[in-house]
Amino acid sequence: MSRTTIVSAPGKVLLTGGYLVLDPKYTGLVIATSSRFYSVVRTQPVSSASQATAGRITVKAPQFNNATWEYAVSTGDGADVTVQPIASGNGKNKFVEIALQKTLALIQALKGQPQADSIIHQGSNLEIVIVGDNDFYSQRQALEALSLPATMASLGQLEPFAAQNTTLAAVHKTGLGSSAALITSLVTALLQHFELSPDLDLVHNMAQYVHCLAQGKVGSGFDVCSAVKGSQVYRRFDEQVLRTLMDKTLVTGQEILDTVRPSPSWTTQTTPIALPPLLRLVLADVDAGSDTPSFVGKVLKWRKDNPEAALAAWTKLNDYNSAVEHCLRSLSSFAAQDPDNYRMAIRSVMNGQTATPESKVDHISRALHELRNSLQNVRRAMKMMGQANDVPIEPDEQTRLLDACLEIPGVIGGGVPGAGGYDAIYLLILEPDDSATEASADSVIAEVEALWQGWKELSVCPLSSRADAGGLKVVRKLEDVKGLKKAVETAFS
Ligand SMILES: Nc1ncnc2c1ncn2[C@@H]1O[C@H](COP(=O)(O)OP(=O)(O)OP(=O)(O)O)[C@@H](O)[C@H]1O
Ligand SMILES: C[C@@](O)(CCOP(=O)(O)O)CC(=O)O
């Protein structure tokens, strides 16, 4: 009997905390996106005639010319389960391969040998489809091919999980954290498929382990944590918790379980956060990509070589980052306490009115202005940190673009997400929930998009992602996600 498990995980935008979030003394404010990765795992019984091919895992990426990766699973006589790639024309996909190898070993440790054998090996195969929402990959060429303007409305006309007409190696990724969302959804889908319904912290720890192994380093991990738990203020775990496992070439499922099982050794801190009502995250993919790892290397070397200057810069930047968090939480609290006056304040700020100290909305209006100032302070401090060590964190071209965006009424603030560079920008814009505002949200977005379409110095293409507080989601059936059933049928047609 065929059985299907579907899990999705969101992409991410690191609004504040780039570089600092690598040090557990500091935090990063990461917003999960509405754009998600989906892993679909299906057990397919093997007919008696083709038992010899049992114990196979076939993974498909229908967006990339249906790239296929095959694996042979072997278990039995008390040995640890192994997953060996079978040569395919698509080369290796280390993220998928490591996720399969380590997660099946964990499953065997959790369920015990016989269970793993019966589900994985005897008489069945696993079919897996992996797709990412269009925002994870630049859609510029697709829009140009359709003679569509670079707007969110145009992006909405593209097929869900659209074919990228290129390879994974060549595709222009947009920085939403595809590998973290992919690994998180795949690890969880496998655990769910084997009816393990794992603890969220165990899933988080396992996804961090697999992601670090696949990337060959222990990064800050904010992308994996937000893929699991959604939007949050994130504090990195002590990387020593993974060091032993990462340094071993051969590890048993039990060793993996002993490491990823929730314990005080996992010092990750996640404090949920959401954007306040009527404040919308707007993202843009900017053309000239950046080399984040080299930026990180330079900044960390500068920090090591200039401890005093770096401590002063990071302390100031951390204070500004904390001010952004405080403003967001205050606005959410004001909206919950007094929704009507909150909406009134948003409208008045949209219309460029300044609330008087006696008005009922003054404190809300002040919090919005404080948010704007704090975001500007973060930008300035990030730019200065980049200038101090010759890293284009907010290069002048991005400064000019962001400053022009902030001239538009209704744009509260913005910046360069994550490590910065030329990859992307984000904006926070007011989105009143009624049309009783001269400059309604649609007009603000239209004005922003018009600015971006006419921008000459950089090529700026909007993404359709919004902020979405949620993390991992188990999807009940394929039909619940637009285009997913078609993507799976295409993959295994
Ligand atoms: N649809 C997909 N199907 C299978 N594997 C994918 C898919 N999308 C991405 N991947 C895997 O994730 C890898 C990208 O990981 P990498 O660490 O290079 O990017 P990233 O930092 O997560 O990128 P970004 O943040 O821009 O999305 C690809 O090389 C590929 O192995
Ligand atoms: C620079 C850094 O702190 C954030 C990188 O963010 P992004 O991958 O550019 O979104 C590195 C890291 O935390 O992994």
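Me: How do the residues around ligand 2 divide into nonpolar, polar and charged?
Reply: The shell has 7 nonpolar, 4 polar and 1 charged. Ala, Val, Leu, Ile, Met, Phe, Trp, Tyr, Cys and Pro count as nonpolar, Asp, Glu, Lys and Arg as charged, and the others, Gly among them, as polar. This is a predicted model: local features need pLDDT of at least 70, side-chain atom pairs count only at pLDDT 80 or more, totals for chains, interfaces and linings use all residues, and side-chain values use heavy atoms, without hydrogens or water. Residues count from 1 along each chain as its sequence is written, while chains run from A and ligands from 1 in written order.

Me: Ok, which residues surround ligand 2?
Reply: Among them are K12, Y19, S220, F222, T292 and A419, where near means a heavy atom within 4 Å.

Me: Why does ligand 2 lie between the domains?
Reply: Because domain 1 (3-272 + 472-491) and domain 2 (279-462) both give residues to its shell; the bounds come from an automatic or database assignment.

Me: What touches its oxygens?
Reply: A side-chain N or O of K12 is 2.6 Å from an oxygen atom of ligand 2, and one of S220 is 2.7 Å from an oxygen atom of ligand 2. A backbone N or O of A419 is 3.2 Å from a ligand 2 oxygen.

Me: Switching over, how many residues surround ligand 1?
Reply: 16, and the closest are Y137, G177, S178, S179 and Q215.

Me: How do the shell residues of ligand 1 divide?
Reply: Into 9 nonpolar, 6 polar and 1 charged.

Methods
Polar contact = N/O pair within 3.5 Å; in protein donor to acceptor, adjacent residues only side chain to side chain.
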